[in-house]
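Here are my notes for anyone opening this one for the first time. Have the structure on screen while you read.

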Amino acid sequence: MLEQFESFFAALAAQTGLAHFWWGNLVMIAVGVTMIWLAVVKKYEPLLLVGIGFSCIVSNVPGSDLILEGGLFHYAYKGVELLILPPLIFFGVGAMTDFGPMIANPKLVLLGAAAHLGIFVALIGAKLIGFTIYEAGAIGIIGGADGPMAIFMAVKLAPHLLPQISVAAYSYMALMPLIQPPVMKLLTSRRERMIRMPKMRQVSRLERIAFPIVIAIIVNLFLPPVAPLITMLMLGNLFREVLVTERLARTAANGVMNVVIVILTVAIGSTMAADKFLTWQTIEVIGLGLIAFVFGTGSGVVGAKIMNLFLKEPINPLLGSAGIASVPIAARVSHVVALQDDPENFLIYHAMGPNLAGVFGTALSGGIMLALLMPS
Amino acid sequence: MIVPDTLQGAVVLSVIDFFLSIVMIGGIGVVLALLPLLNRLGRLDDTSLRGDH
């Protein structure tokens, strides 16, 4: 009789998550708690880190039904896997974004490509240490500092690396104010940082309406692999700029964005199970992501200095590092670094030009990569 | 896959991608530089466009 009770309780215990709990789960729960702490106390990307952190905690409690097939987090991940969520994020972003600074000064869009050298340094570095070229491409895109694009490329090229790539991309975006300034100051003189930019021209309503239509046509014609992302970005922007669909623009920028952010963050966190995340690969991806950011910052600044060799009116090289697609963080960093040398040098509006162009730069880099690695 | 899964392939991919993206974004820049020509067609009044639909 006693043995029967014993085997009863043993069978019950074996079905609980506690029976399968290992130290790796504890580490990842601590990672999740740290993310929530960073979000709440340090105010680092709270909209992203709270959801990712919480679902990371839940995913590391063995037996949680939420992450199993049929569970809510499992279906949230389907939204990522089927590439439904990243275009919807871009839809909301487009509805919130004023592309005026980019339209007003077209020559600065070149910085949106120059600042992406980091993608390729990381790609080559990843190949050097043994990743496949598909994995290397997905890792390299971290350097574009574009979360939805990083997710998009990871799902296409290396879905098994999605947790590491998305965590690296979003974490480094939040850390840009720490990573970028030393590189920017190393590559520029005080005199260069104090260059003031001329006042920008006003962009007309007609130009603002034509912009998303023209860009959607160009991207669909020349880069179909990334057309879903850029097309939705442009649709959201069109809703914003035509002014006759303000409620749709508001819905895209608020309701849709908020719902998608919740689903996306729990989906990303749900992939951070200890057995998949606590690997040497994760450390390598995170290290390569940092290399991508540092080189991208540097190449953007150097790109601006190269442009100055050909321009009558020099541009402030700090605008170059804003070419990394993390909108508006990279632009804000350029603005703040400029203010440190000249408290009246307000670069934010000018820096938004290359910052927005960086979104296209990342999309172009990713699209060309997909076309070469996965031709249809 | 057009590009081989080797270090050489990674370098070739990177060089082509980087320079092509500069060319394509330059093309977008040219298109943006031409957008002001649209203003010759007329002007849209923001006040008349605004309204809840």
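1. Let's start in a loop. A:Leu83 sits between α4 (72–81) and α5 (85–96) of chain A; helices here are DSSP runs of H or I with at least four residues, strands are runs of E with at least two, and both are numbered from the N terminus. The phi of A:Leu83 is near 55 degrees, positive although the residue is not glycine. A:Leu83 is partly exposed, with 16 other C-beta atoms within 10 Å. For burial, a residue is buried if 20 or more other C-beta atoms lie within 10 Å of its own, exposed if 12 or fewer, and partly exposed in between, with C-beta atoms placed from the backbone.

2. A word on what you are looking at. This is a predicted model, in which local features need pLDDT of at least 70 and side-chain atom pairs count only at pLDDT 80 or more, while totals for chains, interfaces and linings use all residues. Residues are numbered from 1 along each chain as its sequence is written, and chains are lettered from A and ligands numbered from 1 in the order in which they are written.

3. Now chain A as a whole. Its secondary structure comes to 21 helices and 0 strands. The radius of gyration, taken over C-alpha atoms, is 22 Å. That is close to the 21 Å that the globule rule (2.2 Å times the number of residues to the power 0.38) gives for 376 residues, so chain A is as compact as a globular protein of that length. Its C-alpha atoms fill a box of roughly 95 × 45 × 45 Å along the principal axes. Of the 376 residues, 55% count as buried.

4. Which residues have the most contacts inside the largest nonpolar core? They are A:Ile139, A:Ile142, A:Ala154 and A:Ile165, in a core of 135 residues. Such a core is a set of buried Ala, Val, Leu, Ile, Met, Phe, Trp, Tyr and Cys residues joined through C-beta atoms within 7 Å. The largest share of this core, 12 residues, comes from α21(A). Leaving aside neighbours within four places in sequence, A:Ala154 is in contact with A:Ala138, A:Pro159, A:Leu161, A:Leu162, A:Ile165 and A:Ser166; contact means C-beta atoms, placed from the backbone, within 7 Å.

5. The domains. Chain A is assigned domain 1 (16–62) and domain 2 (86–373), with bounds from an automatic or database domain assignment. The contact between them takes 16 residues from domain 1 and 15 residues from domain 2. On the domain 1 side, α2 (23–40) and α3 (46–59) of chain A each supply at least two residues, and α3(A) gives the most, with 9 residues. The centres of the two domains, taken over C-alpha atoms, are separated by 27 Å.

6. Another loop to look at is the one between α9 (133–140) and α10 (147–157) of chain A, where you will find A:Ala145. Its phi is near 55 degrees, again positive in a residue other than glycine. Is A:Ala145 buried or exposed? A:Ala145 is buried, with 33 other C-beta atoms within 10 Å.

7. From there, hop to A:Ala325, which touches A:Ala145, and also A:Gly144, A:Asp146, A:Gly358, A:Val359, A:Gly361 and A:Thr362, not counting residues up to four places away in sequence. A:Ala325 lies in the loop between α19 and α20 of chain A and is buried, with 30 other C-beta atoms within 10 Å. The C-alpha atoms of A:Ala325 and A:Leu356 are separated by 6.5 Å, though the two are 31 residues apart along the chain.

8. A:Pro328 is found in the loop between α19 and α20 of chain A too, and the peptide bond from A:Val327 to A:Pro328 is cis, with omega near -5 degrees. Most peptide bonds are trans. In α20(A), the buried residues include A:Ala330, A:Val333 and A:His335. What covers the buried residues of α20(A) includes α12 (176–187) and α21 (348–373) of chain A.

9. Finally, the partner chain. 37 residues of chain B are in contact with 43 residues of chain A. The largest share of the chain B side, 20 residues, comes from α1(B).

Key:
Two residues are in contact if their C-beta atoms, placed from the backbone, lie within 7 Å.
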